[in-house]
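Please examine the charged side-chain pairs in the structure shown below.

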Amino acid sequence: MALTTAPDPTRRGPGSVRAHAERRRPGRFRHSEGLAGYVFLSPWLIGLMGVTAVPMLLSLYLSFTNYDILTPFSEVEWVGLANYERMFTADPSYWHAVRVTLTFALIAVPLKLAAALGVALLLNRAWRGVGLFRGLFYLPSLLGGSVALAIVWVNMFNRDGAFNSLLSLFGIQGKPWVNDPDWALETLMVLAIWQFGAPMVIFLAGLKQVPTELYEAASVDGAGRFRQFRNVTLPMLSPVIFFNLVLETINGFQGFTAAFVLSNGTGGPVDSTLMYTLNLYITGFTDLNMGYASAMAWVFLLAIAVITAIFFSTGRFWVHYSDGEDR
Amino acid sequence: MHPATPPTTDAPVGRTHRTALPRRRLLRGLLAVTVAAPLMFGAAACGDDDGAADPNAPVKLSIFWWGGDARAKLTEDALALYTKKHPNVTFEKTWQANQGYFDKLATLTAGGNPPDLFQIDDNYLAEYAARNTTLDLTSYQKSGKLDTSKFPESLWQYGVVDGKLAGLAAGENTQGLVYNKTLLTKNNLPEPTTGMSWEQHIAWAEQVTAKTKVPGTQDPSADYKAFWVWLRQQGKDLYKGKELGFTAEDVTTWFDLWKGARDRKATPTADVIHEGNSSDITKQLVVTGKSATSWVWANQMPDLKKNTKDELGVVAYPGDPSAQWARASMYWSVFKGSKNKDVAVDVINFLNNDQEVVKLLGTDRGLPSNLDLRRVVSDDATDPAMKQSIAVEAELTQKFGTSPQVPIKGHSKVKSELIKAAENAQYGRATPAQAAAQFIEACKSAIA
């Protein structure tokens, strides 16, 4: 508490502190403490201003201009809401990218979470070598959004890739997965789902937190495995599920690297992998419409904020904190 | 938690009012910085237009190009030669792969810090020239400081945008149809020839597919350079002034031509065509064995050859070869705000007209633009693939027509829209007419 109120006196200025004689000493103490705090914070604050806040405000300004990245700032033309208008009314590929991204997030995120939870449940037991398996399952997500992984994926899911060779062992005729507009996005989804290690580790940590007494009590009451899962594990785990859901949804919407690599930066074949951020990148850097791309970025930010807000408001109905009374 | 802390609630109204002030001032200051910073950077980039008066003053020239290791080695050697002759000039060299090159160039330019001298191609030359980023080289050309007297006329003219010489060709190339010679010889099939009609080409490809099981030709309907040559043979062009030089009917005819070819199995399936279109030179179908022909640039022959054991041949695109032209494979341009313009121009002149350097660079950036030196290089060439592409280019030089105008602003979007539309037709998601209509519509907003 003391720490959070410390900055207040400095903001009020020395005059106000002096006016309250009885608070003088602690006030002055807090003042210098606050100043020191700011001094220590300053590298970070300068960084925040320089590489986050100022560029963000700038991009907001640019979203109302026809900035094309090559023209000097002093010559950009203010176009008002034209970029936003074009986005919503006159740009079919924008809406196409929105659809692709929603499809991707709606399918890949729940499946990824389900996989993470499922494997976490399996690995939450004390059998031999479980540590090795935990590590192995976590590995793909360590590689994260790496380009190398995406390249491997492209080669695995080519017409003559490893996956089709595997299928042919069972006499199944494969498809040119990554080069088929009907399957390219699905291939990306499988890649995203496969990288379930990070949420899995968080689920594991959550599962460790569930008191064993609850399971004992439940089994005394005659609850089977499934009921224990439904009535003990899930509710106790709900804050963790919520956390993973929010995080993975935001991740899902921002999917870029794999789509970029798989399509050689085009979003093809036939725009099937034109994710929102990829479309934004192409608009800004290939087509040199940076003003329009900035507008896209701001709408994207707002959309993610709204979706996150929706999660938080529905969370009240299904997220249970064991120490709920304190909140 | 913060708003409800006791000190604030206790505070008299007047004081809370006063606390708000600095915050507002902070915000205002922030806004001022936001607006002023770019102005300052912009101004800094515009200043210092005058070249250095002292010719021996030390100069550090920044130079940026795309390419692989081999090109980097050659270019660095060439620049070292320049430094040897002009000890006061040193170079700050940056190079990278083609992928991402133009993103970086645009970002550097936006930051007011572009290189003095940079490599550019006809996809972006007009974009940069139209925004006054490139130096107009005309006066240097007139004064002879930039010597183009040995260049083919149409080659240096292909660097003129809106009456200004925006870039100088670093080399020449042209469209080339590369085919797998080994495969054809083994199967007793005739080789394609320059001047065969499009219909003859497709019929030939059909025959190749039937006999070898390797699709005869790659469907180039998504390939702007093939479309462009074909258009010029119809008396049209890709652009006329600031407008498209073709109509939806032309595109429909073009898409129909290739739909016919696909139906006759003269080409691979859509996914394989896509694979060839969307990958670099090392995965071109003629070297991966998925097609007997690839539609490339003639100067890419040596690169293609590196990736296959088979022998390759190269001819002009089908139809009248006069539709092809001496194309600048890439250009050297000087940043308009450079402090060392004169030196930068002199370096371009050196790279193009110094015999030692041109021999060193060979055909890495296309055939040398200087015709006298081109002869020297071709006499010296030992690499058979290089010899072949020089021979084809030399043969075609006599047949070349006039150069078209440099592609206009929005060209990169037009290219990607052509790919999208053509693939829509290839994957059977649209009829050629529907895809053509979609393409025209997208082009209009791209070049508006």
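Predicted model: local features only at pLDDT ≥ 70, side-chain atom pairs only at ≥ 80, totals over all residues.

Residues are numbered from 1 along each chain as its sequence is written, chains are lettered from A in the order in which they are written, and side-chain values use heavy atoms, without hydrogens and water.

Side chains of opposite charge can pair when their charged atoms come close. Here a salt bridge is a side-chain nitrogen of Lys or Arg within 4 Å of a carboxyl oxygen of Asp or Glu. The count over all chains is 29 salt bridges.

| Pair | N to O distance |
|---|---|
| Arg159(A) and Asp271(B) | 2.9 Å |
| Asp219(B) and Arg262(B) | 2.6 Å |
| Lys236(B) and Asp250(B) | 2.9 Å |

The salt bridge of Arg159(A) with Asp271(B) crosses between chains, and Asp271(B) lies in helix H12 (residues 270-277) of chain B. Helices are DSSP runs (H or I, at least four residues) and strands likewise (E, at least two), numbered from the N terminus. Arg159(A) is partly exposed at 35% relative accessibility, whereas Asp271(B) is buried at 5%; buried means under 20% relative accessible area, exposed over 50%, and partly exposed in between (1.4 Å probe, protein chains only).

Within chain B, Asp219(B) and Arg262(B) form a salt bridge, and both residues are buried. Lys236(B) pairs with Asp250(B); because Lys236(B) lies in the loop between H10 and strand E8 (239-240) and Asp250(B) in helix H11, this pair ties together parts 14 residues apart in sequence.

A network of salt bridges also links Asp271(A), Asp287(A), Lys413(B), Glu417(B) and Lys420(B).
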